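We'll take a helix pair, then a loop residue, then a pocket.

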Amino acid sequence: MADGHINPANVPDIALKDGHSIPQVGLGVLRIDDEGLARTLGVCNFMPADLKRLHEETGAWPAVNQIELHPTWQQREVVAFCKEHGIAVEAYSPMARGTDLNAGDGTIEKIAAAHEVSPAQVILRWHIENGTIIIPKSVHAARQKENLDLFGFELTAEEHAAIDALDGPTRAGHDPLTFTYA
């Protein structure tokens, strides 16, 4: 830290019970806060144990936790923990890379037809009504416009229950505890 900056390579890791590790961020967070370098902290793929450890080390909860979240991978325990501690949840891959558009033997499509909207709009509306931050990705201008048009309809309690029932044991992306970029 000779130049006043934290070198992540010199910050020890936190060992997790399963033999994996996450970079220790407590010291860096405290220094960033003390120096006024950031107003808020955001994390990605932090599970409740990770969030508790961060809070124990810093005395603060992050403002946001970005996790893979979509109708077929809802991570209810993580979402509930975040809500309980005032941590906003941001969904990456909010439509499971498009695979959730046809989820549940046509469940999403049936709800879309009932509202005269697209399956993508149904999923994005479900996220919004659940209080999830979403940043849908599309390179197509028409889909980008469609993704913004989410406020002309509301899902019923029955439709929410049908989408909630799509939760399953398989993520669309990589497991952050086992994936390596090497």
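In this predicted model, helix H4 (residues 103–115) packs against helix H5 (residues 119–129) at an angle of about 95°, and their axes sit 8 Å apart. Angles of 65 to 115 degrees count as roughly perpendicular, so that's the label H4 and H5 get relative to each other. On the H4 side, the residues in the contact are Ile108, Glu109, Ile111 and Ala112, and they meet Pro119, Val122 and Ile123 of H5. Sort that contact by class and you get six nonpolar residues, no polar ones and one charged.

Now for the loop between strand S5 (88–92) and H4, where you'll find Arg97. Is Arg97 buried or exposed? With 61% relative accessibility, Arg97 counts as exposed, because the cut-off for that is over 50%. Leaving out residues up to four places away in sequence, Arg97 touches Ala172 and Gly173. Arg97 and His70 are 27 residues apart in sequence, while their C-alpha atoms are 9.5 Å apart in space.

Last stop, the largest pocket, with a volume of about 380 Å³. It's lined by 18 residues, and the closest to its centre are Met95, Gly98, Lys137, Ser138 and Arg143. Helix H6 (residues 141–148) supplies the largest share of the lining, three residues. Here's how the lining splits by class:

| Class | Residues in the lining of the largest pocket |
|---|---|
| Nonpolar | nine residues |
| Polar | five residues |

Methods: Residues numbered from 1 in each chain as written. Predicted model: local features only at pLDDT ≥ 70, side-chain atom pairs only at ≥ 80, totals over all residues. Heavy atoms only, no water. Axes fitted to C-alpha atoms, helices over the stretch in contact; angles between N-to-C directions. Helix = DSSP H or I, 4+ residues; strand = E, 2+ residues; numbered from the N terminus. Parallel < 35°, antiparallel > 145°, perpendicular 65-115°, else oblique. Contact = heavy atoms within 4.5 Å. Nonpolar A, V, L, I, M, F, W, Y, C, P; charged D, E, K, R; others polar. Buried < 20%, exposed > 50% of the residue type's maximum accessible area, 1.4 Å probe, protein only. 1 Å grid on protein atoms, 1.4 Å probe; cavity = no way out; pocket = protein on both sides within 12 Å on 5 of 7 lines; lining within 4 Å. Points joined across faces, edges and corners; volume = space filled by probe spheres on them.
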